[in-house]
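Please examine the sequence and the structure shown below before reading further. The paragraphs that follow lead from the strands to the helices, then to single residues, and end with the whole chain.

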Amino acid sequence: MNILEMNHIKKSFDGHEVLKDISLTVEEGQVQAIIGPSGSGKSTLMRCAVMLEKIDGGSISYVGEKAAWTRHDGTVEYADRAKMHNLRKNYGMVFQNFHLFPHYSVLKNVMDAPLHVQKRDRHEVEEVAMELLKKMGLADKAKAYPYQLSGGQQQRVSIARALAMKPRILFFDEPTSELDPELTGDILRVIKDLAAERMTMVIVTHEMNFARNVADHIVFMEHGVILQQGTPEELFASDNARMQEFLGRYE
């Protein structure tokens, strides 16, 4: 089953075309890595996927339900508020700079959205939250506040927070870019464990070895288009000159 379908996506900022007719499909259980140089449109594509940016053209669907589509007159229409609320339950997002509530404890950060957005039972939510913190190696930090944690610990809290919503697909926007190399390894191990559990994920990353070892499918973007995509084996063995030049910087 396709969890996400993005077809012919276009997005401009102040007349500058950032995404030029991009199509992307993510299947259930698939780990997809999006790579490419800075400014290629990777993060914008992800922000469009989770409706943090509105597309200028194309369509977005989650599990076969349309979230956005282009009308006959060329304008883009989004699903109504009630339908969008249901569609948003399909995905979670982990940002590069954590986005934790500084005045909430670790446990409250993880519990807040399931309680107030999904209206789930408090006892069940707390049980799930503690289980996730335990999984992230943070059970002893439940009562701590974000400022008392390292960057790597904060990122693990944000992953637990996203997972607490029980999403069908998890998006990561350069989850290690704010971390030093040692903490980067911690986060990549967490994501690798999720991949082993067949969690559907889309990861914008500059970690080439990670993409090669964990992703099922890699998308290489540049200048707002997909230059090449396929399995890690296909992309890393590609004879495309631009692809090889890009990969050469990371060896």
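**A guided reading of the model**

Strand β1 (residues 2–13) and strand β2 (residues 16–27) run antiparallel and are joined by nine bridges. Strands, marked E and at least two residues long, and helices, marked H or I and at least four residues long, are DSSP runs numbered from the N terminus. Two strands are said to pair if DSSP finds at least two bridges between them. The model is predicted, so local features need pLDDT of at least 70 and side-chain atom pairs count only at pLDDT 80 or more, whereas totals for chains, interfaces and linings use all residues. Residues are numbered from 1 along each chain as its sequence is written, and side-chain values use heavy atoms, with hydrogens and water left out.

A second hairpin is formed by β10 and β11. Strand β10 (residues 217–222) and strand β11 (residues 225–230) pair in the antiparallel sense over five bridges, and I218 stands opposite G230 in β11. Two residues lie between the strands of this hairpin, in which H223 takes a positive phi near 50 degrees.

Which strands does β3 pair with in the parallel sense? Strand β3 runs parallel to β9, with four bridges joining them, and it pairs with β10 in the parallel sense over four bridges. Residue I34 illustrates both pairings: its bridge partner in β9 is V204, and it stands opposite V219 in β10. Five of the five residues of β3 (residues 31–35) are buried, so the strand is largely enclosed by the rest of the structure. Here, buried means under 20% relative accessible area, exposed means over 50%, and partly exposed lies in between (1.4 Å probe, protein chains only). Both faces of β3 are covered, as V31, A33 and I35 on one side and Q32 and I34 on the other are all buried.

Because 13 of the 14 residues of α5 are buried, the helix is largely enclosed by the rest of the structure. Just after α5, K166 takes a positive phi of about 55 degrees; this residue is in the loop between α5 and β8 (169–173). Another residue other than glycine with a positive phi, near 55 degrees, is K119, found in the loop between α3 (106–116) and α4 (122–135). Is K119 buried or exposed? At 65% relative accessibility, K119 counts as exposed.

Two loop residues may now be considered. T205 is found in the loop between β9 (200–204) and α7 (208–214), and it is buried, with a relative accessible area of 3%. Apart from its neighbours within four places in sequence, T205 is in contact (heavy atoms within 4.5 Å) with A33, I34, I35, F210 and A211. A polar atom of the T205 side chain lies 2.9 Å from the backbone nitrogen of E207.

S238 is found in the loop between α8 (232–236) and α9 (241–248). With a relative accessible area of 7%, S238 is buried. Its side chain reaches the backbone nitrogen of N240 at 2.9 Å. Leaving aside neighbours within four places in sequence, S238 is in contact with Q228, M243 and Q244.

Finally, the whole protein may be described. Its secondary structure comes to nine helices and eleven strands. The radius of gyration, taken over C-alpha atoms, is 18 Å, close to the 18 Å that the globule rule (2.2 Å times the number of residues to the power 0.38) gives for 251 residues, so the protein is as compact as a globular protein of that length. Of the 251 residues, 53% count as buried. Among contacts between residues at least 6 apart in sequence, 62% join residues at least 24 apart.

Methods. A polar contact is a pair of N or O atoms within 3.5 Å; within protein, one must be able to donate a hydrogen and the other to accept it, and residues adjacent in sequence count only if both atoms are side-chain atoms.
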